[in-house]
Amino acid sequence: MANGLKGIKTVRDFELAGKVVFLRLDLNVPMENGKITDENRITASLPTIKYCMEQGAKLVMASHLGRPKTKDDTEFSLEPVAKRLQDLLNAEVILVEEPDSDAPKHLLPSLKPNQLILLENVRFEEGETKDSIEFAQKIANYSDIYINDAFGASHRAHATIHALPSVMKDKGIGFLIEKEITMLDSLLQNPKRPYIAVMGGAKVSDKIAVIERLMDVVDGFIVGGAMAYTFLKAQGLPVGKSLVENDKLKYAKEMIERIEARNKTILLPVDHVATKGITDTAHAHVTNDVAIAEDELGVDIGPKTIKNFSAALREAGTIFWNGPMGIFENPAFAKGTFGVAAAIAESDAVKIVGGGDSAAAAEASGFAGKMTHISTGGGASLEYLQGDKLPGLEILRTRIRA
């Protein structure tokens with residue numbers, strides 16, 4: 001049973017006026033040539049930032065961006081993010097170059113109500129990924145209240161996620177994490193039925209733990225993407241050169257049997273878009289049935305499969321979607337993913353999309369606005385759903401001592 005928010009305070013539980021709030025955000029947005037290509041994570045952070053400003057807090061914000069090797073990796077600078085925040089908040093965002101410095105401490109006394117501090121990419125500091133108490137203590141020395149609103153980073157025991165709240169008394173979460181956990185808990189506790197989990201993406205191995213956790217909760221699975229070829233091959237069907245995890249064939253075969261033994265459904269592709277190579281659009285064609293020729297590989301689900309999947313999704317009460325149905329980044333192989341996205345969008349179900357590729361697919365399909373919730377954390381949402389404890393949340397729980 002998920003107990004998501006038990007023992008965790010939220011930003012509403014604190015008196016913020018005149019206090020220094022250290023706000024850990026997930027502003028890890030995709031960039032191309034210094035331009036932000038998707039600002040969803042920035043907009044998702046705004047409600048908590050605005051609330052703190054309205055309550056009269058002095059804000060020091062922090063985030064990581066990408067995986068810089070050293071401070072010289074300037075393409076990972078948060079400068080474009082600072083500029084975008086400045087526009088969206090209509091306030092001055094002061095970017096502090098050295099996160100591990102006393103600069104915030106000196107800036108804070110004279111900070112005006114419409115000024116906010118943003119630390120440069122915390123991963124420029126070696127101490128961040130090492131969960132350094134020294135780095136954390138430096139921040140704790142000038143902060144009164146710690147608020148984590150970086151769901152997408154909460155599965156990592158890093159200094160601004162884990163060490164820092166471990167040395168601070170007043171700590172809690174922002175509105176984004178509160179929404180994420182509430183939504184993910186709804187997938188585990190009394191979901192509206194029928195409840196269907198749509199699984200896609202490349203590998204069965206990435207999804208085993210989630211499948212195991214959901215097997216007793218859902219009414220059925222829909223499996224597409226490259227992971228479906230492992231299931232089809234496990235049933236003795238010809239999949240040609242399609243991506244298959246041969247070491248997972250036994251698991252896939254047993255999983256199908258276990259699902260059916262529980263009187264639950266599993267829908268697999270009955271036709272495919274097949275071609276000679278993953279970038280070969282010239283030879284792409286729809287197969288007549290489930291079989292894929294020896295010299296070809298599957299790159300998307302076919303029209304009969306889209307029809308089958310869509311019919312099941314229209315009847316659903318709850319849908320959890322994690323993983324695309326094919327190589328959707330290539331428009332020639334995107335019909336399956338976008339078709340499933342359309343069916344999910346049209347259904348009256350509670351529709352929750354896992355982060356990462358699924359969020360990108362929902363956006364690309366044009367149906368993102370029709371989803372109940374799109375998670376901002378790919379790895380974090382999967383780890384949470386499979387029952388793992390997230391270091392960034394666990395450290396915020398107040399334990400009732402007997």
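Author: A salt bridge is a side-chain nitrogen of Lys or Arg within 4 Å of a carboxyl oxygen of Asp or Glu. The model is predicted, so local features need pLDDT of at least 70 and side-chain atom pairs count only at pLDDT 80 or more, while totals for chains, interfaces and linings use all residues. Residues are numbered from 1 along each chain as its sequence is written, and side-chain values use heavy atoms, with hydrogens and water left out.

The structure holds 20 salt bridges, and one of them joins Lys250 to Glu254, whose closest N and O atoms are 3.0 Å apart. Both Lys250 and Glu254 belong to helix α10 (residues 249-261), where they stand four residues apart, about one turn of the helix. Helices (H or I, at least four residues) and strands (E, at least two) are DSSP runs, numbered from the N terminus, and the protein chain has 15 helices and 17 strands.

We can now turn to the boundary. An automatic or database domain assignment divides the protein chain into domain 1 (3-177) and domain 2 (191-385), and the centres of domain 1 and domain 2, taken over C-alpha atoms, are separated by 35 Å. Nine residues of domain 1 are in contact (heavy atoms within 4.5 Å) with nine residues of domain 2. About 720 Å² is buried between domain 1 and domain 2, with carbon and sulfur atoms giving 58% of it; buried area is the accessible area (1.4 Å probe) that two parts lose on being put together, summed over both. On the side of domain 1, the residues that lose the most area to domain 2 are Arg41, Phe151 and His155, which together make up 60% of what that side buries.

Which kinds of polar pairing link domain 1 and domain 2? Zero salt bridges are counted between domain 1 and domain 2, whereas three residue pairs, both at pLDDT 80 or more, are in polar contact. Polar contact means a pair of N or O atoms within 3.5 Å; within protein, one must be able to donate a hydrogen and the other to accept it, and residues adjacent in sequence count only if both atoms are side-chain atoms. Helix α1 (residues 40-54) gives the most to the side of domain 1 that touches domain 2, with three residues.

Beyond the boundary, the peptide bond from Arg193 to Pro194 is cis, with omega near -10°, and Pro194 sits in the loop between α7 (175-186) and β9 (195-199). Asn33, although not a glycine, has a positive phi of about 50°, and Asn33 lies in the loop between β2 (31-32) and β3 (35-36).
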